[in-house]
Amino acid sequence: LNVTTQMTYKTSFNILADTKYGRPNRTIVVGAHLDSVHEGTVDQNLTKRNLLVFSDRLTEFIRSWYKR
């Protein structure tokens, strides 16, 4: 077994959002863990895509809720 590692420091960002009429007791936390695996069944772009799709659907739901 041969193992090679490489450490790279990169800047990452967290996104925080709040609604105009949000309530502190109703919070949704969404996150993803991006592994350092480069081969195999882990697709890091799929994780990011799923978060974007979820946020888009959540936005649609919230907008339709306030249109009532």
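Tyr-21 lies in the segment that comes before helix H1, which spans 44–66. The structure described here is a predicted model. With a relative accessible area of 56%, Tyr-21 is exposed, because exposed residues are those over 50%.

Tyr-21 also takes part in a nonpolar surface patch of about 590 Å².

## The aromatic pair

The structure has a count of 1 aromatic pair. This pair is formed by Phe-61 and Trp-65, with 6.2 Å from centre to centre and 35° between the planes. The arrangement is classed as tilted, because planes under 30 degrees apart would count as stacked and those over 60 as edge-to-face.

Phe-61 and Trp-65 are 4 residues apart in helix H1, so about one helical turn separates them. Phe-61 has a relative accessible area of 49% and is partly exposed. Trp-65 is likewise partly exposed, at 46%.

## The salt bridge

How many salt bridges does a search of the whole structure find? The search finds 1. Arg-57 forms a salt bridge with Asp-56, and the closest N and O atoms are 3.1 Å apart. This pair meets the criterion because the nitrogen and the carboxyl oxygen must lie within 4 Å.

Both partners can also be described by their accessibility. Arg-57 is partly exposed, with 47% relative accessibility. Asp-56 also counts as partly exposed, with a value of 39%.

How values were computed. Residues are numbered from 1 along each chain as its sequence is written. This is a predicted model: local features need pLDDT of at least 70, side-chain atom pairs count only at pLDDT 80 or more; totals for chains, interfaces and linings use all residues. Side-chain values use heavy atoms; hydrogens and water are left out. Patches are made of residues with over 30% relative accessible area and no salt bridge: like charges are joined within 9 Å, nonpolar side chains (Val, Leu, Ile, Met, Phe, Trp, Tyr) within 5 Å. Accessible areas come from the Shrake-Rupley method with a 1.4 Å probe; for residues, only the protein chains shown count as cover. A salt bridge is a side-chain nitrogen of Lys or Arg within 4 Å of a carboxyl oxygen of Asp or Glu. Helices (H or I, at least four residues) and strands (E, at least two) are DSSP runs, numbered from the N terminus. Buried means under 20% relative accessible area, exposed over 50%, partly exposed in between (1.4 Å probe, protein chains only). Rings of Phe, Tyr and Trp (its six-membered ring) pair if their centres lie within 6.5 Å; planes under 30 degrees apart count as stacked, over 60 as edge-to-face and the rest as tilted.
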